[in-house]
Amino acid sequence: MQIVQRRRLPLRLIRVRPGGVLPILTILAVLLVLVGIRQPDFLDPPSLMSFLGRSAPIILLAAGQYFVIVCGEFDLSVGSLVTAQVVVAARLIDSDPARTWPVVLLLLAFGAAVGLVNGLITTRLRVPSFITTLGMFLILVGAVYLWSDGSPKGGLSEEFRRFGRRAVEDVPLLGRVPYALLVLLAVAALAVLLTRSDFGRTLVAVGDNPRTAELSGVRVWRTRTIAFILSGLAAAVAAILLGGYSGVSFQAGAGLEFGAITAVVLGGVALGGGRGSVVGAMLGALTLELLFALMNFYGVSGALRSTVQGAIILLAVAVSATRSSAR
Amino acid sequence: MSARSLLPARRPVPGVFVALALTLAIGWLVVLVDGGQLFNQSTTVSLLHVAAGLGFVAVGQTLVILGGSLDLSVAYVISLSTLVAAETMNGNDGAVVPAIGLALAVSAGIGLLNGLLVTKLRVNAFIATLGVGLLLKGYLDSGYDGPAGTTSPTLVQTLGYQRVGPVPLSFLLLVAVTGMAWFALSRTRFGHHLVAVGGDAEVARLSGVRNDRVLVTAHVLCSLCAGLAGIYLASRLGSGAPRVGTEGLYDLESIAAVVIGGTALAGGRGGVVGTVGGVLLLASIDAVFNQLDVDAFFKQVIRGAIIIAAVAVYARRALRKAAS
C-alpha cells in the first residue's frame, strides 16, 4: 500500500483523475493551435460560430450517447434514427410550412418512443443493448426505405430548415450566431443540470455497479430506460438540425452512431459505464469535428480522412488507457 | 494433467437449432402455400453459399467474443483480403497459393495489431477494432474506386462454384474450419484458457493464464477467418471488391450470428457450433424471403426483429435456469 501511495503522489499534483476533462481539453487546445497556425481566420468569431453550429448535431448525439454509455449500455441505433427522422420529416412536411411545428413535436415523440423501446427491450427482456440497438438499426433503416419506396419523398419547409441553417444576425462581437448553436447551448445546459441532479448520480452508480445500485434501492431498469429515451431525444434534435443544414438523404445519419461513441470515449467516458462526464463527451465530439476541419485545411483527401481519424482515436485512447492503468 | 479432466460442463444442443428447424419447417410450408419450393437444388445451394460467407467471419468472431473481446474491423479485413488475393493472382492460376498466403498473412497481421492494441495498450476492444477498421477504410477508400484484380479461374471454379451434390465446396470448408475451431475450444489448452479469460480475466490471470497471449491469438485467428471469407468472396465475385465487407454488414451480422448462436456477448460462455446454427438461421430466413419475393427492405426489418427476439428468448431461458 505504501508504495502505491507514494507512486500516486506526482500524479495527484497535476490532478489528472480518470474520466476528467483535462486530457480532452489538452487535445482540443493542441488542435486549435494547429488550426490557428494553418488558417488564422478560422478562429475569427464568425467562422468559429458557424463551425460550432455545424458541429452541433454530433455534439448533441454525443451527449445523448453519454447517458447510455455511462450507465453501462450502447446505443447503435442513433445514426439510423437520424436518417429515419429526416426522411419522415420531409415526407410529412411535404414543403408545407404550416406543418413544421406539429412535425417537430412528432419527431421528438418518435425519438423518445424509439429510445423507450430500446430501453424496455434491453432492461425488461434482458437483451444486450448492443444487439437491441443493432436490431433497431436494421429495423429503422429497412422501414424507412420501405416506407419511401427507395427514394426520399416530399421536402422540408424553409421554416423547418431554419433551425439548421439560419442564424441570429448582427450580434455584437460574434457576428452571426447560428440557431443550431443556441439549441446546442440550451441542450448542453439541460444535460449538465441533469447529470448534477439525483438522476445523473444514479445513472453513474448504475453504470459503475448495477448490483450495488439495485441493492441501494435504485430501480436500475427505469434509470437505464430513461437514458435510452434521452439518447433518442438527442437524436431527434440532432436530426432536426442536420436535416435543416444538409437536407434530406438516406445517408443523413450514416455512421453517426460510431462517431458519437468515439466522441464519448475520446472525452474520457469509460465504455462499460460508471466513469466520465457529459461535458467531456461533448468536448470529445467537438474535438472530432475540429480534427476533420484541420484535415480539410491541411488538404488531407476525403478518403484518407478515416485513416487519420482511426489513428488519432487509437492514439488518444491508448495514451489515456496506459496512463490510467499506470496508477 | 490430462486435457479431459479440464473439460467444462458443456451446455446441451443450443436452442438455435430448434429455432432453425422451426424456421425451415414454417418457411417450407409458407413457400409451399405460396406455390414455390424451398428445398430445390438452387435455393439450397444459394442458402449454403450465403451461410459459408458469413460463417467464416462468424466462427472467427466467436473466438474473440468468447474471450470477452470483439472485432468490428472484420468487414474491412474481408474487403482488403479480396483485393490482396485478386490482385496477386491477377487471373493467373499459378499464383493461387502465394495469393492466398499473402491475403491470410495480411489478415493475420491486422489481427495481431488488434490483439496488441487490446492487450498491451489496453484500448477497449470496441474502440480498438473500430479504429483499426477506420485505418483500413481510409486505405481502401483512397486506393480503390471499384473492383480490382482478377481471381484465378481455377479458384473461381473450385472454391467459388464447385459443389458436391447440393453442398458447395465452400460450405464444406466452413464445416472443416468450424470443426477445427470446435476442437481448439473444447480439446486444447488454448480453448480452455480463452473461455477462462472471457469468463473472468482477473481470475484467469491469477490462475496462471497468460491472458494477453491468449487474446492476441484469438484476434489473429478471428482476422484469419475474415481473410478466408475474403478469399471465398473474391472467388465468388471473380475480382477484389473494396466495399464487399461493409455492404454485406459482415461486422454487425457476424456478431448477431454469434449471439443468436448462444454465445454470451460478455464472453466466457458459448461455442462455434451454435454460431454456425445462428448463421444458418439467418441464411434460411433470407432464403425463405427470397422465395416469397419479399421486398428487400421489409426483409431487413424482419431480420432486425428476429435478431432481437432470438436473443430475448435466450435471455429468458438463462433467467429461468438461474432461478431454478
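In chain B, N90(B) is located in the loop that separates α3 (74–89) from α4 (96–119); helices (H or I, at least four residues) and strands (E, at least two) are DSSP runs, numbered from the N terminus. The model is predicted, so that local features need pLDDT of at least 70 and side-chain atom pairs count only at pLDDT 80 or more, whereas totals for chains, interfaces and linings use all residues. Residues are numbered from 1 along each chain as its sequence is written, and chains are lettered from A and ligands numbered from 1 in the order in which they are written.

N90(B) is not a glycine, yet has a positive phi of about 50°. With 13 other C-beta atoms within 10 Å, N90(B) is partly exposed; the C-beta atoms are placed from the backbone, and a residue is buried at 20 or more such neighbours, exposed at 12 or fewer, and partly exposed in between. D293(B), also not a glycine, has a positive phi of about 55°. The loop between α13 (272–291) and α14 (296–323) of chain B holds D293(B), which is exposed, with 8 other C-beta atoms within 10 Å.

In chain A, strands β1 (residues 167–171) and β2 (residues 175–178) run antiparallel and are joined by three bridges; pairing requires at least two DSSP bridges. V168(A) is opposite V177(A) of β2(A). Three residues lie between the strands of this hairpin, where L173(A) takes a positive phi near 70°.

Between the chains, 38 residues of chain A are in contact with 36 residues of chain B, contact being defined by C-beta atoms, placed from the backbone, within 7 Å. Elements giving two or more residues to the chain A side are α6 (129–147), α12 (256–266) and α14 (305–325) of chain A.

Terms used. Contact = placed C-beta atoms within 7 Å.
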